[in-house]
Structure formats: C-alpha cells, structure tokens
Amino acid sequence: MSFKYTEIERVEKLTKEEFVNNYYKPQKPVVITHQIEDWPAFTKWNFDFLRDVAADKKVPLYDSRKTDYTKKVNEPDFVMTMGEYIDILEKGPTDLRIFLYNLMKDVPSMKSDIKWPDLGLRLIKSLPLLFFGGENAKVFMHYDIDFPNIFHIHFQGRKQCVLVDPKETKYMYRLPYSWICHEDIDFDNPDFTKFPALKLVNPYITHLEHGEMLYMPEGWWHYMKYETPGFSLSLRSLAGRPSNLFKGFANVTFNRFYDNWMRKWKGQAWLNHKDKVSIKRTNAELK
C-alpha cells in the first residue's frame, strides 16, 4: 500500500498577477513551464559548464545516513571539489548530495546567467542556493527552517518532488525541535502499520525536467528524489504570514541551537528521545 498522490498543477509562463492571485495568496503549489527560457542558464547550465567554471571549488556533501548526534544541524558529511563530485555523478547511482550551497558566491559570473522572476515575491538576492544529487539520491522529507516561499528550478535530468500541506503536519511524525519527520519513514514505501497516521496524509507529486520551476509555499513539506543526476536552483523570499515569520525566527534563533546543545550533552539518547516523542504525539492525533 502506498500514498494516493495528487498531481501538482502545471501551467505555462505566468504573469505577476496570475501568480499572486492564483498561487501565492492561496498558498498553492504549482509547476511553471517556459518561464526561464530567456535565461542564459537555460542553455548554459549543465555538468560540463560547471566543470569549466567551478571544478576546483570545494563543495559540502551529504549522504543518506540518519542524523549523527556528533554533527551539528546541516553539517556536511564530506567535502570534495566540484569536479570530483561531478565525476562521481556521471559514473552511476550515488546517494551523495549537495545541499544549500551558494555556488554563485564562489563563482560570481554565474549571477548573470539568471533573471530574478518578477512574480510578486521579494526574493532574497544574496541566497541563490543550489542542490545536487546523483541517480536515486533522496532528500529526506522536511520543511525549510525559515518558512520561505521558494521557486525551485531544475537543471539537467529529471527529479521527483513530493509535497505535503503544512495543515497535515500533525500526521507527519515531526521530530521535536526539528523540521524533519521520523527518519525511519520511507516515503516511497510507507509503513502504515508502524506509522498509522500517514494514512491521513494527502501528498502532492510532480516530476521536474530541465528548466521547469516548482513554487513551494511557506512551510510545505517536501521530499525530493533524483531520477537522474541533476541539480536545482532555489530562489526564496521571507515568509509573508506573521505566524510563519515568528516560527521561522524561533527556529533560526533558538530551536536549532537548543537541538545542537542537546546532541552534545545527551548524545544518541537525545535523538532516541525525539523519535519516541514524535511517534507518541502523532499517534495521539488518531484517538
């Protein structure tokens, strides 16, 4: 048994008014096609291009292991050069990913390859973040710490994206002081016996191809799987809803530091405690 997915709506190039009224205000995800075909990046950005401009840049890498209490939140598992990493991607399946990497800070010339979408969001121009993955690499189900609105634009290959409405967070086995769910959950093959509340989750799904842009509203859960090697660019704005601004501020200024401190103090026992609490709290919603 698996989830019953709803396909995310797909539309061709939007105007600012169409995007704001139909998707931003109602906080509704959408895939926008043919929106960036006038960007230089649309024709330039691929692995060969990145080898030319960034082969020697050191990049942070993550694998599929569960959270390690000895590491801080978002601390990378490995570091290597971009050229070495692209070689690995092209050799075959790998779970190694690049996560939250501001490559344009290291290669400023890439900034001229993009055009900031004029769709009504005040995008943070200092944070054009890149994400990479090899074939079958997975990004655990999570929502972003600061509750941004995100334009997620894919390059090279194909990527599966699964989204869950934040209204269903109570069924997602969210870990305390975290923005991820219980890490034993396999969202490709969910165990509804061990995690029965997942039966009440109604996820959305899409598959992004080169040049397609996914809008992810504030606080939406997302799980990504690279069906082929590829990479994506995320452009973000601050949360527009005061409650989400407050929750994001609390996460950035308190929750992540408290979680890091507890990992250091309690070690694996802290992570085990969070797992138990997530199951207890979520299953209580079924009573």
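Is Asp188 buried or exposed, and at what relative accessibility? In this predicted model, Asp188 counts as buried, with a relative accessibility of 19%. That puts it just on the covered side of the line, since buried means under 20% relative accessible area. Asp188 also has a charged partner: it makes a salt bridge with Lys225, and the closest N and O atoms are 3.5 Å apart. Asp188 sits in the loop between β10 and β11, while Lys225 belongs to strand β13 (residues 221-226), so the bridge ties together parts that are 37 residues apart in sequence. Lys225 counts as buried too, at 18% relative accessibility.

β13 is mostly covered, with six of its six residues buried. In a regular strand, side chains alternate between the two faces of the sheet. As for strand partners, β13 pairs with β8 in the antiparallel sense over three bridges. β10 and β13 also run antiparallel, joined by six bridges. His222 in β13 shows up in both pairings, standing opposite His142 and opposite Leu163.

Back to the salt bridges, of which the count comes to 18. One of them joins the side chains of Lys115 and Asp38, at 3.4 Å from N to O. Lys115 lies in the loop between α5 (103-106) and β7, and Asp38 in the loop between β3 (30-33) and α2 (40-44), so this pair ties together parts that are 77 residues apart in sequence. Both ends are partly exposed: the relative accessible area is 40% for Lys115 and 44% for Asp38.

Another salt bridge pairs Arg236 with Asp146, with 3.3 Å between the closest N and O atoms. Here Arg236 comes from strand β14 (residues 230-237) and Asp146 from the loop between β8 (138-142) and β9 (149-155), so the contact ties together parts that are 90 residues apart in sequence. The two ends fall into separate classes of cover: Arg236 counts as buried at 5% relative accessibility, whereas Asp146 counts as partly exposed at 22%. Elsewhere, salt bridges that share partners join Asp48, Arg51, Asp87 and Glu90 into one network.

Asp48 is also part of helix α3 (residues 47-54), where Asp48 and Asp52 are exposed on one side. The buried residues of α3 are Phe47, Phe49, Leu50 and Ala54. Viewed down the helix axis, these buried residues fall within an arc of 150 degrees, so they line one face of α3. The elements covering them include α2, α4 (82-91), α5, β7 and β14.

Phe47 takes part in something else as well: ring pairs link it with Trp45, Tyr85, Phe132, Phe155 and Phe231 into a cluster. Across the whole structure, the search finds 25 aromatic pairs. Phe99 and Phe131 make up one of them, an edge-to-face pair with 5.6 Å from centre to centre and 75 degrees between the planes. This pair links distant parts of the chain, with Phe99 in strand β6 (residues 97-101) and Phe131 in strand β7 (residues 129-133), 32 residues apart. Both Phe99 and Phe131 are buried.

Tyr173 and Phe195 form a further edge-to-face pair, at 5.1 Å centre to centre and with 75 degrees between the planes. Tyr173 and Phe195 both lie in the loop between β10 (159-164) and β11 (204-208), so the pair ties together parts that are 22 residues apart in sequence. Tyr173 is buried, and Phe195 is as well.

Finally, there are charged groups placed over rings. Arg241 lies over the face of Tyr24, 5.4 Å from the ring centre. Lys266 lies over the face of Trp265, at 4.2 Å from the ring centre.

Definitions and conventions
Residues numbered from 1 in each chain as written. Predicted model: local features only at pLDDT ≥ 70, side-chain atom pairs only at ≥ 80, totals over all residues. Heavy atoms only, no water. Phe/Tyr/Trp six-rings, centres within 6.5 Å; stacked < 30°, edge-to-face > 60°. Helix = DSSP H or I, 4+ residues; strand = E, 2+ residues; numbered from the N terminus. Buried < 20%, exposed > 50% of the residue type's maximum accessible area, 1.4 Å probe, protein only. Lys NZ or Arg CZ within 6 Å of the ring centre and 35° of its normal. Salt bridge = Lys/Arg side-chain N within 4 Å of Asp/Glu carboxyl O. Pairing = 2+ DSSP bridges. Arc of directions from axis to C-beta. Contact = heavy atoms within 4.5 Å.
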